[in-house]
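Reader: I have just opened this structure and would like a guided tour. Please take me through it one question at a time.

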Amino acid sequence: MNNITYDISSFNELSSVALKLLRLTDNRIFALYGKIGAGKTTLVKNMCSHLNVIDTVSSPTFSIVNEYMTRDNKQIFHFDFYRINNLEEIEKLGLDFYLSSGHYCFIEWPEIAVSLLPFGYKSLKIIQNNQSRELSLLK
């Protein structure tokens, strides 16, 4: 698949793109790349809104993983590997359990865990330039 780029400079565009991404594939694992403040967590919030999450969606920077519930009692997992130093920490976390659960998994700062991600996961990169933001679907 070639890269697909979306303009997500406004909240309405971001919400629309989040919905498109959820409808693009049956895959439920998304790796989110971007600098600090690029909008990774905001994208996850929008995706979770479209998935009818009833919990407050927030950055799991310190907890490493947040679990959310949807209106129909489905779980969604949101990871932030910014503070992870090695694969052993991820394995202790039980990432393989989460990834094989069949539930949506959103992974911020996935670089250290790429070798553990299953075939078919989707890579999303957010690039912020001055007043604009773009999201690229890389895989």
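**A guided tour**

Reader: What kind of model am I looking at?
Author: Residues are numbered from 1 along each chain as its sequence is written, and side-chain values use heavy atoms, leaving out hydrogens and water. Local features need pLDDT of at least 70 and side-chain atom pairs count only at pLDDT 80 or more, while totals for chains, interfaces and linings use all residues, since this is a predicted model.

Reader: Is Asn130 buried or exposed?
Author: Buried means under 20% relative accessible area and exposed over 50%, with partly exposed in between (1.4 Å probe, protein chains only). Asn130 also has a positive phi near 45 degrees, although this residue is not a glycine. Its relative accessibility is 76%, so Asn130 counts as exposed.

Reader: At what angle do α1 and α2 pack?
Author: Two packed helices are described by the angle between their axes and the distance between the axes. Axes are lines fitted to C-alpha atoms over the stretch in contact, and angles run from 0 to 180 degrees between N-to-C directions. The axes of α1 and α2 are 9 Å apart, and the angle is about 65 degrees.

Reader: Which residues of α2 meet α1?
Author: Contact means heavy atoms within 4.5 Å. On the α1 side, the residues are Phe11, Leu14, Ser15, Ala18, Leu19, Leu21 and Leu22. On the α2 side, they are Thr42, Leu43, Asn46, Met47 and His50.

Reader: Which residues of α2 are buried?
Author: Past the end of this helix comes Asn52, with a positive phi near 65 degrees. Within α2 itself, the buried residues are Lys40, Thr41, Leu43, Val44, Asn46, Met47 and Cys48.

Reader: How far apart are Val57 and Tyr68 in space, C-alpha to C-alpha?
Author: Val57 sits in the loop between α2 and β3, and counts as buried because its relative accessibility is 12%. Beyond its neighbours within four places in sequence, Val57 is in contact with Val44, Lys45, Cys48, Tyr68 and His78. Along the sequence Val57 and Tyr68 are 11 residues apart, and in space the separation is 7.4 Å.

Reader: Which side chain makes a polar contact with the side chain of Asn66?
Author: Asn66 lies in strand β3 (residues 65-69), and its 14% relative accessibility is why it counts as buried. A polar contact is a pair of N or O atoms within 3.5 Å; within protein, one must be able to donate a hydrogen and the other to accept it, and residues adjacent in sequence count only if both atoms are side-chain atoms. A polar atom of the Asn66 side chain lies 2.9 Å from the backbone oxygen of Ser58. The side-chain partner, at 2.7 Å, is Ser63.

Reader: How far apart in space are Val65 and Phe79?
Author: Val65 is found in strand β3 and is buried because its relative accessible area is 15%. Leaving aside neighbours within four places in sequence, its contacts include Phe79 and Leu93. Val65 and Phe79 are 14 residues apart in sequence, yet C-alpha to C-alpha the distance is 4.4 Å.

Reader: In which loop is Ile84?
Author: Ile84 counts as buried because its relative accessibility is 11%. Not counting residues up to four places away in sequence, Ile84 touches Ile64, Glu89, Ile90 and Ile112. Its place is the loop between β4 (75-80) and α3 (87-93).

Terms used
Helices (H or I, at least four residues) and strands (E, at least two) are DSSP runs, numbered from the N terminus.
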